[in-house]
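These are my notebook entries on a structure that I am reading for the first time. I kept them in the order in which I looked things up.

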Amino acid sequence: MRAIQITEFGGPEVLTEVELPDPAPGPGELLVEVSRAGLNYADTHQAENSYLARMRLPMVPGGEVVGRTPQGRRVVALVNSGGYAQKAVVPEGTAFDVPDGVDDLTALSMVVQGVSAWLLLRRSTHLEPGESVVVHAAAGGVGSIAVQLAKRWGAGRVIATASSEAKRRLALELGADVAVDSTAGDMTETLREANGGRRVDVVLDMTGGAVTDQSLAALAPFGRLAFYGMASRERPTPVDPGELLGRSAAIAGMWLPHAFGLPGRVVHRAVAELFELVEAGELRAVPGGEYGLSEVRRAHEDLRSRRTTGKLVLDPSR
């Protein structure tokens, strides 16, 4: 089968197209003929071994696939690695049946970006109706879904940040009440102005660095910041718990793999709810572009440069 393999860690240049034997499923696993694989910002961290989970070489990157089993079952699934290939072995516990009314791109969007947005709003920040919500990188995969869910779940004001006029326009189309330039000077003052001069209740942040520091400073009493990525590759300033006490503020981290250990099949409930919203026409994925295996280096370059919007997918047939 055709696949992308990494034999040394680094940037997009380490992604190499190769021929590999078909994988063989073991107990509790499914073989999937991949129709599309998801492309995520986290994949760029996998390639350089800067992800939360350390990777081993050689490896086939890619954490999510959609396709059919030899028995014809259509599933979307999360994998530790192996997604950038024509066939993948997936754990049964992280495979979800895809309804007929949900296309491949949307299925991939919901199983990672959708579930992440669901968890950030429902579990990490416990959004209450009427609260203000800041969604950084609002035109991205998680951000574009978080904007829609926050509005649907009763947020009083959804404030989107994005780096270009086109991305800000998209965020407004998705339901944001206001969209601001993410490259503006002081984000603390920018967010307060966007919220009518008031501090904000909830911030969803995957940027890191100064954006995180300034967003934390913009929180209202009992405000919550959920941190789920570091796209800038810059660490925020360490936080003194006394400062949180002085403002009754909270910071939560969210890494999707941990959610599978929660009782009550939380991820399965989230996926089911998201698919229902999609089928009802109340939630949509934003297409961000499709790449062939031979174009995977360009895909990673686009991800790292923050040029993309919405959900990116890989077509292993070309």
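I began with a term I would need: a crossover is right-handed if, with the strands pointing away from the viewer, the path from the first strand over the helix to the second runs clockwise. With that in hand I looked up β11, helix α6 (residues 209–217) and β12, and noted that they make a right-handed β-α-β unit. I also wrote down that I am working with a predicted model.

**Entry: the sheet**

I then asked in what order the strands of the open sheet lie. There are six of them, in the order β10-β9-β8-β11-β12-β13, and the pairing is parallel. The edges are formed by β10 (178–181) and β13 (250–253), each of which pairs on one side only. From one strand to the next, I found a twist that averages 20 degrees. As background I noted that strands of a sheet pair through backbone hydrogen bonds, either parallel or antiparallel.

Going through the pairs, I recorded four bridges between strand β9 (residues 157–162) and β10, in the parallel sense, with alanine 160 having alanine 179 of β10 as its bridge partner. β8 and β11 run parallel and are joined by three bridges, and here valine 134 has valine 203 of β11 as its partner. Between β11 and strand β12 (residues 219–227) I listed five bridges, again parallel; valine 200 is partnered by leucine 219 in β12, while valine 202 stands opposite arginine 224 of β12. Four bridges join β12 to β13, which run parallel, and leucine 225 stands opposite isoleucine 251 in β13.

I checked how covered β11 is, and found that six of its six residues are buried. Helix α5 (residues 187–194) lies across β8 (132–135), β9, β10 and β11 (200–205), and runs at about 140 degrees to β9.

**Entry: valine 178**

Beyond its neighbours within four places in sequence, valine 178 is in contact with Arg157, Val158, Ile159, Ala160, Leu172 and Ala194. I also looked up asparagine 195, which is 17 residues from valine 178 in sequence and 8.7 Å from it in space, C-alpha to C-alpha.

**Entry: helix α3**

Ten of the twelve residues are buried, so α3 is largely enclosed by the rest of the structure. Among the buried residues I listed Val142, Ile145, Val147 and Leu149. Their cover includes α2, β8, β9, α4 (165–173), β11 and α8. Just after α3 comes glycine 154, with a positive phi of about 95 degrees.

**Entry: helix α8**

I repeated the check on helix α8 (residues 266–279), whose 14 residues should span 20 Å at 1.5 Å a residue; the end C-alpha atoms are 20 Å apart, which agrees. The buried residues here are Val266, Val267, Ala270, Val271, Leu274, Phe275, Leu277 and Val278. Looking down the axis of α8, I found that these buried residues fall within an arc of 165 degrees, so they line one face of the helix. They pack against β5 (74–78), β7 (95–97), α2 (104–124) and α3 (141–152). After α8 comes glycine 281, with a positive phi near 75 degrees.

**Entry: backbone exceptions**

The peptide bond from leucine 57 to proline 58 is cis, with omega near -10 degrees, and proline 58 is in the loop between α1 (41–48) and β4 (64–68). Phenylalanine 222 is not a glycine, yet has a positive phi of about 65 degrees; it is placed in strand β12 and is exposed, with a relative accessible area of 62%. Arginine 265, also not a glycine, has a positive phi of about 50 degrees. I located arginine 265 in the loop between β13 and α8, where it is exposed at a relative accessible area of 55%.

Note on methods:
Residues are numbered from 1 along each chain as its sequence is written. This is a predicted model: local features need pLDDT of at least 70, side-chain atom pairs count only at pLDDT 80 or more; totals for chains, interfaces and linings use all residues. Side-chain values use heavy atoms; hydrogens and water are left out. Two strands pair if DSSP finds at least two bridges between them. Helices (H or I, at least four residues) and strands (E, at least two) are DSSP runs, numbered from the N terminus. Axes are lines fitted to C-alpha atoms, for helices over the stretch in contact, and angles run from 0 to 180 degrees between N-to-C directions. Contact means heavy atoms within 4.5 Å. The expected span of a helix is 1.5 Å times one less than its number of residues. Buried means under 20% relative accessible area, exposed over 50%, partly exposed in between (1.4 Å probe, protein chains only). The arc is that of the directions from the helix axis to the C-beta atoms.
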